[in-house]
Amino acid sequence: MSSPRYEQASLTLAGTVAMGTGVMIGAGIFALTGQVAELAGPWFPAAFVLAAVISGFSAYSYIRVSSTFPSAGGIGMILHKAYGDTTLTGWAALLMALSMVINESLVARTFGTYLVQPFDVGEDSLLVPGLGVALIAAAFAVNVAGNQLIDRVSKVTAIVKVGGILLFAGAALWASGWSAAAASGADAGAAGPGGVLAGVALAILAFKGFTTITNSGGEVIDPHRNVGRAIVISLAVCLVVYLAVVAALRASLPLDQLVAAKDFALAEAARPALGSLGVWFTVAIAVIATASGILASIFAVSRMLAMLSDMRLMPHRHLGLPGTIQTHTLIYTVVIAAALTVLFDLSRIASLGAILYLTMDLTVHIGVLRHLREEVDARTWVLLTAIGLDVVVLATFLVMKTSTDPAIVTIGLVGMGLVFLGERVFLTRLRDSPRWTEPTKGDT
C-alpha cells in the first residue's frame, strides 16, 4: 500500500488563513444565516456571537495540541495522541471526516441554490443538486493539481469574497439608512433560550472551518507558530464578516421573509436594497465563496482520511484506482459529498453536520483534558469550559430537533453507532491478523 505523500512547508500563513476562512465563509454566510434565524428568531445575531465565543474556547484544544505536534493528520493525530490505537480514536476521527464531507455537500447545495436565483428556476429543481455535484467535481480536479495551485486559488478567492461580502453589507446598510429595525418588527416572533441555543449549534458550523487548518498542520510553514496564528486570525476575520452581514440582513428584511428565504437569504436581502444588479452581485460572490469553500474542505478531509489509513485506523482498498492513497481518499470524499448533495436538503444537511461535529469536538476536549493536558501545557479551566458549552448546546439541539425533525436525529445517532461498530470490527479483525504489527508513531 502506498504511503500518503505530504508537501511539507508548502502552505504559507496567508494561504493557511485563506483556506480556513474559505471553508468558514463558504458555508457560514450563504448556507447557515437563514437556518440560524429560523431557530433563534430575532436573536440570531446573538447566536453568531455566542457561536464565536464557543468556537474560541473549542479552538484552544486544537491550537495547543497542533502547535506541539503539527501533523497532516490534524484531528486524527490529536485523537491518536489522546486515546492511542483504539476504537474511540478511529470513531471520533471518522465523525470529523464525515462532518467535513457533510459540510461539503452543504456548501455544494448552497452553490446550486444561489446560482439559480437570477433565473426562473425553483429551488426544488434538480438543477440545484446537479450544479452542486458539478462544483464538487471541479474542486476534485483542482485538488489533484497540487498544493501550490490550492494556495494561490485560496488567497485570491478569500480576498475577493471577503471584500465582496463586506461591500454587500455596506451597500445594504446604506440603502436602508443604516437602520437595523427590519428584522425586529412585529412579525419577528420570539425564540426562547432553547431556540437560541439550537441556532448556536448551527452557527458553530460557520466557524468550524478552523479545524481545516489543524488537518494541514504538517504542510504549514513554521507550524509550531503559524497553526495557532492562522486559527486565531481566521476566527477573527470570520466574526467581523458575519456580524457585518447579519447587520445588513436585519436592515433589509423582516424576519418572516428572511426565514422564508433561508436557503438564499443574502440574495433575497439584495433585492429590496440593491435591485436586480445587487442580486447578480450577491450570486457572484456566493459562487466564489462556496467554490473556494469546497476546494479547501476537500483538500483537508482527503489528507485526514489518508492519514487515518496510514495509521491503520480505517480500512482502505485501492479498488483498481491508480495513484496514491491521497488520490483515493479524494475520490471517496467527492463521491460521498456528491451523494449527500443529491439526497438531502440544506436544513437536514446542516443538522446532521452539527450533531456529528459537536460529538467529535466533545471527544477531543475530553481526551486533551484526561491525557494531554500537561504535555501540551493546556489550562484545565479552559478545557472544562469548552466541554460544558458543547454539552449544553448539543443537548439542547438534540431535544429541539427530536420534536421538530426526529428522523434526522435518528439518522445521526444510528449513523454514529454504525461507525463505532464498524471501527470496532475493523480493528478487531486487523489485530487478530497474523500480519499485525504495532504501527509506528511517526508524526501521528
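1. Asp405 is buried, with a relative accessible area of 14%; buried means under 20%, exposed over 50%, and partly exposed in between, using a 1.4 Å probe and protein chains only. The side chain of Asp405 meets that of Arg348 in a salt bridge at 2.9 Å, N to O. A salt bridge is a side-chain nitrogen of Lys or Arg within 4 Å of a carboxyl oxygen of Asp or Glu. Asp405 sits in the loop between helix 14 and helix 15 and Arg348 in helix 13 (residues 346-372), so this pair ties together parts 57 residues apart in sequence. Arg348 counts as partly exposed at 28% relative accessibility.

2. The model is predicted: local features need pLDDT of at least 70, side-chain atom pairs count only at pLDDT 80 or more, and totals for chains, interfaces and linings use all residues. Residues are numbered from 1 along each chain as its sequence is written, and side-chain values use heavy atoms, leaving out hydrogens and water.

3. The count of salt bridges comes to two. Lys262 and Glu38 form one of them, at 2.9 Å, N to O. This pair links distant parts of the chain, 224 residues apart: Lys262 is in the loop between helix 10 (255-260) and helix 11 (265-310), and Glu38 is in helix 1 (residues 13-40). Helices are DSSP runs (H or I, at least four residues), numbered from the N terminus. Lys262 is buried, with a relative accessible area of 18%, whereas Glu38 is partly exposed at 40%.

4. There are seven aromatic pairs. Rings of Phe, Tyr and Trp (its six-membered ring) pair if their centres lie within 6.5 Å; planes under 30 degrees apart count as stacked, over 60 as edge-to-face and the rest as tilted. Among the pairs, Phe57 and Trp381 are edge-to-face, 6.3 Å centre to centre with 75° between the planes. Phe57 belongs to helix 2 (residues 44-68) and Trp381 to helix 14 (residues 380-404), 324 residues apart. Phe57 is partly exposed at 23% relative accessibility, and Trp381 is exposed at 53%.

5. Tyr62 and Phe210 are both buried. Phe48, Phe207 and Tyr242 form one aromatic cluster.

6. Helix 14 has 25 residues and should span 36 Å; its end C-alpha atoms are 36 Å apart, which agrees. The expected span is 1.5 Å times one less than the number of residues. The buried residues of helix 14 include Val382, Asp390, Phe397 and Lys401.

Definitions and conventions
Helix = DSSP H or I, 4+ residues; strand = E, 2+ residues; numbered from the N terminus.
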